[in-house]
Amino acid sequence: MTARALELRGVTKRFDGLTAVDHVDLDVGEGEIFALLGPNGAGKTTLIHCVTGLAVPTSGTLRVFGHDVVREFRTTRRLVGLVPQEIGFDPFFTPHESLMIQMGLMGVPPDARKADALLSTFALASHRDAPTRQLSGGMKRRLLVAKALVHDPKLLFLDEPTAGVDVELRKELWKEVRRLREQGTTIILTTHYLEEAEELADRIAIIHRGRLVVVEGRDELLARHDHARLEDIFVRLIRSAEAG
Amino acid sequence: MSEGWNPVGLRTLFLKEVRRFTKVWLQTVLSPLVTTSLYFLVFGVALGSRLREVDGVRYIEFVVPGLMMLAMINNAFLNTSSSLFQSKINGTIVDLLVSPLGAWEIVAAYTAAAMLRATVVGALVWCVAAAFAGPMMSSLGWTILFGAAVSACFAMLGLLAAIFATKFDHLAVFPNFVLTPLTFLGGVFYSVDMLPEPWQTLSRLNPILYLVNGLRHGLLGVSDVSPWWGALAMTALLSALAAVSVTVVARGTRLRD
């Protein structure tokens, strides 16, 4: 593995009586596309939230490019981008204004040309100055991706970015993901479309009830299971985890 | 990379909050002005002409500092509480929480924007008052001090209300059940010296009384209580609210999972 983009040791997150993430150890190398898979409620989003600052881990250490996400939160948040699962938008601002604001919040001096370039990349230029509430669901989803990229993060989390998105847009999005990886961005994604993970990911982790069931290179994982479809392997591993 | 601070983020959050209230200026700036003008018409012009002087000043002048304070308190509180609560509801709080902004920067930006809105509304109320009763300014220093500190205090209270609220009903609890009664019983429309005991003594336990009288001292040069007591109460309140707000935001209480 190359230098570590993400290093988790013993990460645990408990909510009232529920352990959402249970002693997770994980390393993700720089420049990887890493798929974090699991059934609903497995702990994928909570784990991502612990790294990105949306959740406070109960215990364990979390490092992004060697920096502690709690003690050096300013440094790590400048390095990390997040496309959240839920679509949120501020009705007061247009897509262009939203990008300019997000740049500023991330500590980058707002740059109108960069905002325009991102809007073009994600086919939102025609809605540059439209009220955000007028955007379709797919457009809002694309705006979320653009917002996550305003500060050129070195580690990008995509939390189910293709949920409710049509086939054409999904293809466009994955094309953009590949382009980002070519530029050196490390990508950690969650998705319920396992064929996409199978096609895109260098390595795959499966999480169930807060614990990692498997972390393995995609090719090794498929080879170990006689090149079965990832979907079949996923079901088999989850059932095995439930039984054991 | 040094941890440092995030001046660009602080400035951006402040400007974002300012643009949020200026985009709906009819609701945020003009609406309180209309309400206050009605107060002047009813209490100042219609009833005031039938009332004797209070503390040596005409009644229409006497009510000006209280009405200014009422407008500033409400607008400072509403600016932070509505903005932060809406961002919790519509999910855009994520944009703030993933940013490299520290707790004090978040509190400072929200508070400064709310102070600006309160100052604009307060200044406009003063202009309306000047149209009805003539311009009044006894001490610019005391006026600015009380105006700024009161706005900051109630902006932070609004921030805390939005953090702890889980539904819109909760946001209305503080202004309706605490703020409005304390304000109306805090000497906005009368001098506490006019009250019989034990109400006079009880009124002196109301912090709003000291704030209203502080501004009254600044504008009219008269006051039921020494402005120094007001300044002391305000310093204590401001320090406590700043400490609590920054601690709550830093811990992520009701903001981060």
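This is a predicted model: local features need pLDDT of at least 70, side-chain atom pairs count only at pLDDT 80 or more; totals for chains, interfaces and linings use all residues.
Residues are numbered from 1 along each chain as its sequence is written, and chains are lettered from A in the order in which they are written.

**Chain A overall**
- Chain A has nine helices and 10 strands, taken as DSSP runs (helices H or I, at least four residues; strands E, at least two) numbered from the N terminus.
- The C-alpha trace of chain A spans about 55 × 40 × 35 Å along its principal axes.

**Where chain A touches chain B**
- The contact (C-beta atoms, placed from the backbone, within 7 Å) takes 30 residues from chain A and 26 residues from chain B.
- On the chain A side, α1 (44–52), α2 (73–79) and α3 (95–105) each supply at least two residues.
- The largest share of that side, five residues, comes from α2(A).

**A helix pair in chain B**
- Helix α3 (residues 59–90) and helix α9 (residues 207–220) of chain B pack at an angle of about 125°, with their axes 9 Å apart; axes are lines fitted to C-alpha atoms over the stretch in contact, and angles run from 0 to 180 degrees between N-to-C directions.
- Among the residues that meet are V64(B) and M68(B) in α3(B), and L211(B) and L215(B) in α9(B).

Terms used
Two residues are in contact if their C-beta atoms, placed from the backbone, lie within 7 Å.
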